[in-house]
Structures are given as structure tokens and as C-alpha cells.
Amino acid sequence: MDVLLLFLRRKVMLASHVKLSSKGQIVIPKEIRDSLQWDTGVELTLVVSENGVILKTRQKKIQRDIRSLRGMLQSSSTPLSTEELCQPVNYDIEE
């Protein structure tokens, strides 16, 4: 496999020609894996576009405990009571 260096918009990009195996697999050349810091087990997303296929690193979902969000929305105003919050809204008031 030959790895090509492409110079596009002042950025160096790597490109390579690969073949699809009988099992539908490809081998991503080591030079490209190293440049992207892709180790064994990295999860990728295939995005099909009109120009071909794009491989992207899968974004990791952050698992948060709902309790960690407490206090995230801070306000300097006086809090409303439950009774005030439950009052119906009067849309007829003119300002």
C-alpha cells in the first residue's frame, strides 16, 4: 500500500489506495492510523455521502449522574415559591 501526501489548503493530508476484501474489510495503513492516533479498538462511524464514505472517530457519550447537574442553573434573583409558580398566566395584562 502506498501512502500519498496531499497538500490542500496549506494542510498536509494523507491518502491511500486500499482494496475491499471478500469479507468487506479494508486495512487502514499504519501511517494513517498513527497520524490520527487510532489504536486497536477505536470506534469509528461510517458516513455515506454523495462523494463516497467518510470515516470519523465515534464521539464518546458522557455518562452523568443526574444529581451532578444540581445547581447548574444559577440565578441571583429571589426564587419563586411553589404557589407563585403554579398560578395561571394572565395574558390580558398590558404593559
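The exercises below start with the whole chain and then move to single residues; keep in mind that this is a predicted model.

**Exercise 1. Work out the fold inventory of the protein chain: how many helices and strands are there, and in what order do the elements run?**

Step 1: Count the elements. The tally is two helices and four strands.

Step 2: Check the burial. Among the 95 residues, 4% count as buried, and the cut-off for that label is under 20% relative accessible area.

Step 3: Look at the contacts. Take those with a separation of 6 or more: residues 24 or more positions apart account for 10% of them.

Step 4: Finish with the surface. The chain has an accessible surface of about 10200 Å², and carbon and sulfur atoms own 53% of that.

**Exercise 2. Describe how β3 and β4 are put together.**

Step 1: Get the direction. β3 and β4 run antiparallel, with six bridges joining them.

Step 2: Look at the connection. The two strands make a hairpin, and two residues sit between them.

Step 3: Pick out one bridge. Valine 48 has valine 53 in β4 as its bridge partner.

**Exercise 3. Find the nonpolar surface patch and say which elements give two or more residues to it.**

Step 1: List the members. Val18, Leu20, Ile26, Leu46, Val48, Val53 and Leu55 make a nonpolar patch of about 670 Å².

Step 2: Assign elements. Two or more residues come from β3 (44-49) and likewise from β4 (52-57).

Step 3: Zoom in on valine 53. This residue belongs to strand β4, and its relative accessible area of 53% is why it is called exposed, the cut-off being over 50%.

Step 4: Ask what leucine 46 touches. Leaving out residues up to four places away in sequence, the answer is Val53, Ile54 and Leu55.

Step 5: Keep one general point handy when you inspect the two strands. In a regular strand, side chains alternate between the two faces of the sheet.

**Exercise 4. Track down the salt bridges: how many are there, and which side chains meet in them?**

Step 1: Recall the idea. Side chains of opposite charge can pair when their charged atoms come close.

Step 2: Apply the cut-off. With a side-chain nitrogen of Lys or Arg within 4 Å of a carboxyl oxygen of Asp or Glu, the count is three salt bridges.

Step 3: Take the helix pair. Aspartate 34 meets lysine 30 at 2.9 Å, N to O. Both residues are in helix α1, four residues apart, or about one turn of the helix. Aspartate 34 is partly exposed at 45% relative accessibility, and lysine 30 is partly exposed at 49%.

Step 4: Take the pair made by arginine 58 and glutamate 43, at 2.4 Å, N to O. This one links distant parts of the chain: arginine 58 is in the loop between β4 and α2 (82-86), glutamate 43 is in the loop between α1 and β3, and they are 15 residues apart. Arginine 58 is partly exposed, at 43%, as is glutamate 43, at 46%.

Step 5: Take aspartate 65 and arginine 67, which meet at 2.6 Å, N to O. Aspartate 65 is partly exposed, with a relative accessible area of 38%, whereas arginine 67 is exposed at 65%.

**Exercise 5. Place the residues around arginine 58 and glutamate 43 using C-alpha distances.**

Step 1: Move to lysine 60, in the loop between β4 and α2. Lysine 60 is 17 residues from glutamate 43 in sequence, and their C-alphas are 9.1 Å apart.

Step 2: Lysine 60 counts as exposed, at 78% relative accessibility.

**Exercise 6. Say what stands out in the backbone of glutamine 37 and where this residue sits.**

Step 1: Read the torsion. Phi is near 55° for glutamine 37, a positive value in a residue other than glycine.

Step 2: Locate the residue. Glutamine 37 lies in the loop between α1 (30-36) and β3.

Step 3: Classify the exposure. Glutamine 37 is exposed because its relative accessibility is 69%, over the 50% cut-off.

How values were computed. Residues are numbered from 1 along each chain as its sequence is written. This is a predicted model: local features need pLDDT of at least 70, side-chain atom pairs count only at pLDDT 80 or more; totals for chains, interfaces and linings use all residues. Side-chain values use heavy atoms; hydrogens and water are left out. Patches are made of residues with over 30% relative accessible area and no salt bridge: like charges are joined within 9 Å, nonpolar side chains (Val, Leu, Ile, Met, Phe, Trp, Tyr) within 5 Å. Accessible areas come from the Shrake-Rupley method with a 1.4 Å probe; for residues, only the protein chains shown count as cover. Buried means under 20% relative accessible area, exposed over 50%, partly exposed in between (1.4 Å probe, protein chains only). Two strands pair if DSSP finds at least two bridges between them. Contact means heavy atoms within 4.5 Å.
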